[in-house]
Each structure stands twice: as C-alpha cells, then as structure tokens.
Amino acid sequence: METTKLQFIPFHSLQDKGWSEAWRLYVESFPQNERWKEARYADAMANDPLFTADGIWLGEELVGLVFHWDIGRFLYIEHLAIKPECRNQKLGSRVVEAMIERSGGHLLLEIEMPEDELTIRRQHFYMRKGLKPNPDYEYIHPSYSEPFEHYPLMLMSYPDPLTPEEAALMADFTREHVLKLYSDHENPALPLIRIG
C-alpha cells in the first residue's frame with residue numbers, strides 16, 4: 001500500500017463524490033464540541049478561499065479527510081481523520097508529511113492536552129513528524145455550537161515552536177474568522193492565548 005500515491009481531492013459541495021462517507025468519518029472521529037454543522041461546511045467549501053476540505057483517496061477508496069486553512073505563513077490543519085480500517089498503515093504519517101510539503105514547511109494544528117495514553121500517543125506521533133509542542137501557551141478553545149463549553153488544546157507547529165506573535169495570530173484567526181463565520185457564536189471571545 002505504501003507505494004500507492006495518496007490523492008488530496010477537495011470537496012466543493014455536499015454532493016461531491018465521497019462527501020457522505022467523509023461526513024460519517026468526521027462525525028465518528030470528533031466529539032460534538034469540536035464539530036461544525038454540515039451546512040456551514042457547504043458554505044465554506046463554496047465561498048471561503050482560505051478553507052479547503054480535502055478527501056484523502058487511495059485509488060478509488062476514500063481513506064480519510066483533512067480540513068485546513070491557509071492563514072498566510074501557516075497551513076492550519078483543523079481536522080484530520082483516517083478511517084479506522086485504514087489505520088496502522090502509515091497513512092497518517094504520509095498525510096502529515098504531504099501537508100508539511102504542501103504548506104511550504106509551516107504547519108499548525110491543535111491537539112487535545114496530552115493527559116492520558118491516547119492523547120500522549122497522539123502528541124508523540126506529531127513530534128515524530130517534526131512538529132513542536134507549544135506548552136508555554138494556554139490555548140482555550142470554545143465549542144462550535146451549543147451547549148457552549150470551552151476546553152484546553154495544545155498548539156503544535158512545524159518546523160519551530162511558535163513565537164508569541166504567531167500564537168496570537170492563530171488565536172485571532174480562529175476567533176475572528178472561523179468561529180465568527182462558521183459557529184453558533186455571535187461574538188466569540190475565545191480562543192485567546194495566554195503565555196504560561
């Protein structure tokens with residue numbers, strides 16, 4: 001399987017080939033507080049030049065998804081998931097490597113705080129790919145829809161740890177663009193960056 005080339009094919013509408021399968025994977029892979037509503041994806045795919053919702057294909061099979069933003073210097077991965085039956089085949093590694101290359105070498109993403117075996121393994125996976133944790137920044141993210149709750153995440157970046165200005169840019173973009181346009185928040189106050 002390693003020799004088969006992964007293809008990243010953007011979805012442009014909810015009717016595109018593979019979207020229904022990608023949506024099921026998204027719902028199964030992310031908790032409610034981390035998910036957008038499907039109609040908001042339709043809007044972003046059709047109208048937001050900064051946003052891309054890629055289906056990850058191996059031949060004719062959809063094997064995953066990666067939803068990401070172009071925020072200037074960085075490519076920000078908001079959601080990345082591989083189908084359960086396709087895991088443990090190094091597809092996640094290949095996706096991250098491809099996204100680093102696609103980003104021009106500047107990648108950002110958020111992970112759950114590394115507090116248990118699963119979240120620690122996830123952090124180590126990204127670190128093996130060269131991403132740096134940014135534990136000095138307290139990054140509190142709100143849920144996208146009601147009930148509104150907030151939860152801590154850790155920013156990871158490639159190739160270097162973030163400067164305070166870069167961390168603030170990430171928080172500002174997420175608050176002022178992503179949450180303001182694609183969540184149920186009327187006037188989002190989070191995320192904010194605090195240096196810990």
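## Basis

The model is predicted: local features need pLDDT of at least 70 and side-chain atom pairs count only at pLDDT 80 or more, while totals for chains, interfaces and linings use all residues. Residues are numbered from 1 along each chain as its sequence is written, and side-chain values use heavy atoms, with hydrogens and water left out.

## Met99

Met99 sits in helix H3, residues 91–102 (helices are DSSP runs of H or I, at least four residues, and strands runs of E, at least two, numbered from the N terminus). Met99 has a relative accessible area of 0% and is buried (under 20% relative accessible area; exposed is over 50%, partly exposed in between; 1.4 Å probe, protein chains only).

Leaving aside residues up to four places away in sequence, Met99 touches Phe8, Val66, His68, Leu75, Ile77 and Leu107 (contact means heavy atoms within 4.5 Å). Phe8 is 91 residues from Met99 along the chain, with 9.8 Å between their C-alpha atoms.

## Glu166

Glu166 belongs to helix H5, residues 164–182. Its relative accessibility is 14%, so Glu166 counts as buried. Beyond residues up to four places away in sequence, Glu166 touches Arg73, Phe74 and Pro161.
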